[in-house]
Amino acid sequence: MRASGLFMPTLKEDPADAEAISHKLLVRGGFVRQFAAGIYMFLPLGWRVMERINAIIRQEMDAIGAQELSMPTLHPAEVWKATGRYDAIGAEMFRLKDRGSRDMVLAMTHEEAFAWLASRELRSYRELPQIWYQIQIKFRDEPRAKGGILRVREFLMKDSYSFDVDTDGLDISYEKHADAYDRIFQRCGLSFYRVESDPGMMGGATAHEYMAPTPAGEDKVALCVECGYAANVELAASVAQAPEEFREGTIASAPTVVPTPEQRTIEEVSGFLGIPASSLIKSLLVIADGNQPVLALVRGDHELHEAKLARHLMSEIRPAHPDEVAEILGVEVGFVGPVGVPASVRVIADDSLRPDGVGGARPYVVGANQPHAHLSGVVVGRDVTPEFADLREARAGDACPHCGAQLQVEQVLEIGNIFKLSTKYSAPLKATILDESGKEHPIVMGSYGIGPARIAAAAVEQHHDAKGIVWPKSIAPFDVHIVQI
């Protein structure tokens with residue numbers, strides 16, 4: 001290829017809305033162009049990078065015995081309704097009707113389609129195990145499309161699916177993929193972590209994510225350098241640091257109402273009363289199961305992780321609106337507390353507030369459920385008896401739950417994921433086989449995804465200098481550039 005004939009429209013200025021370095025450099029370098037919000041064109045240089053990434057993926061997938069095929073991206077809604085995801089997934093899914101008014105779906109993932117195929121083609125344990133994969137376009141109506149090719153509405157994805165007779169077979173297929181993913185990301189020149197994660201809408205019992213450290217990432221992971229523990233913060237367990245000591249006399253020994261005029265936030269109340277944030281309790285009202293009010297309690301210096309609360313409740317949740325807070329608790333936001341709430345409100349406190357936990361049975365300051373007032377001297381277990389769960393977001397400096405060493409927290413970008421689905425999709429879609437004894441049971445499945453464009457973006461994030469992108473050799477658009485002098 002002569003450079004004089006190469007279509008490489010470079011730019012001198014960063015895109016106006018660009019924040020991530022990968023967004024800036026891929027646009028300026030002539031690798032991609034934005035077509036609409038969250039929709040990108042890959043220009044010749046960008047597509048050469050993608051093809052080299054895809055070649056590495058294919059080589060490693062083929063090496064574990066996977067077979068490539070291609071699935072449609074337009075699906076009849078019936079298969080999604082059979083698994084329950086048609087209604088469970090919200091506005092992120094593109095739904096449409098064909099000319100016959102039949103409900104259709106633009107696939108954001110392909111578990112249903114692969115399980116449907118298995119239900120019609122696999123009959124006996126002798127045909128298993130199987131691993132099928134594709135590199136295919138997916139669609140997601142992303143509400144906050146940003147970051148260039150990091151957060152998009154149309155994207156290329158390698159997704160593979162394993163089919164086994166039992167969970168022992170699934171364990172083998174899962175480890176094959178884990179090893180293959182390690183090799184793929186290493187060959188693409190990335191630094192990465194494999195961390196425990198929440199299965200989320202995919203379902204199943206076990207899941208891991210592959211995360212590339214970068215400031216542009218929208219996830220955080222907790223890491224222990226001593227024992228190797230690693231988990232997404234939405235799942236990460238940790239032992240909280242002990243709360244700061246407070247000056248004697250600043251907190252009452254028994255519940256006492258103290259005026260806090262116009263002091264609503266933790267910072268405002270902490271400063272007004274002269275106590276550390278860790279001596280306050282945040283009381284956050286959420287709505288679960290559509291109409292169940294739940295009051296979540298976390299220490300003032302901690303943050304509630306809504307995904308942890310939702311997982312504990314086994315329900316989707318949302319923050320209560322200010323008018324709902326007033327209607328349910330009779331007070332405006334900022335003065336809500338757990339003492340004396342109606343019996344219809346379920347109260348759940350973070351484990352760090354346990355009387356036998358890191359803080360002990362000490363007094364805290366909480367909202368008084370009265371306008372412009374707080375309640376000083378509230379002891380959890382004495383004045384309020386909530387249920388307990390791990391609700392807070394793990395943070396740097398917390399102790400590792402396994403070895404006690406201090407945890408680190410890093411900003412990361414998800415580049416791949418693996419899930420043990422078990423029979424979540426095979427059972428409703430009747431993907432069954434006969435075992436050695438002639439007994440019929442559902443196929444045990446796994447699901448494994450990689451985002452080639454996210455690999456490219458992560459490579460740019462991790463490999464650039466003041467002059468631009470420094471591609472890892474394995475995925476660079478060209479190996480050699482000959483310059484005539």
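**Exercise 1.** Decide whether Lys-97 is buried or exposed, and then find its salt-bridge partner.

Solution. Lys-97 has a relative accessible area of 53% and is exposed, where exposed means over 50%, buried under 20%, and partly exposed in between, with a 1.4 Å probe and protein chains only. Next, the side chain of Lys-97 meets that of Asp-103 in a salt bridge, N to O 2.5 Å, the term standing for a side-chain nitrogen of Lys or Arg within 4 Å of a carboxyl oxygen of Asp or Glu. Finally, Asp-103 counts as buried at 19% relative accessibility.

The model is predicted, so that local features need pLDDT of at least 70 and side-chain atom pairs count only at pLDDT 80 or more, while totals for chains, interfaces and linings use all residues. Residues are numbered from 1 along each chain as its sequence is written, and side-chain values use heavy atoms, with hydrogens and water left out.

**Exercise 2.** Work out which parts of the chain the salt bridge between Glu-60 and Arg-183 ties together.

Solution. The closest N and O atoms of Glu-60 and Arg-183 are 2.8 Å apart. Glu-60 belongs to helix H2 (residues 44-63) and Arg-183 to helix H6 (residues 167-187), so the pair ties together parts 123 residues apart in sequence; helices are DSSP runs of H or I with at least four residues, numbered from the N terminus. Glu-60 is buried at 10% relative accessibility, whereas Arg-183, at 32%, is partly exposed.

**Exercise 3.** State how many salt bridges the rule gives.

Solution. The count comes to 31 salt bridges.

Technical notes
Helices (H or I, at least four residues) and strands (E, at least two) are DSSP runs, numbered from the N terminus.
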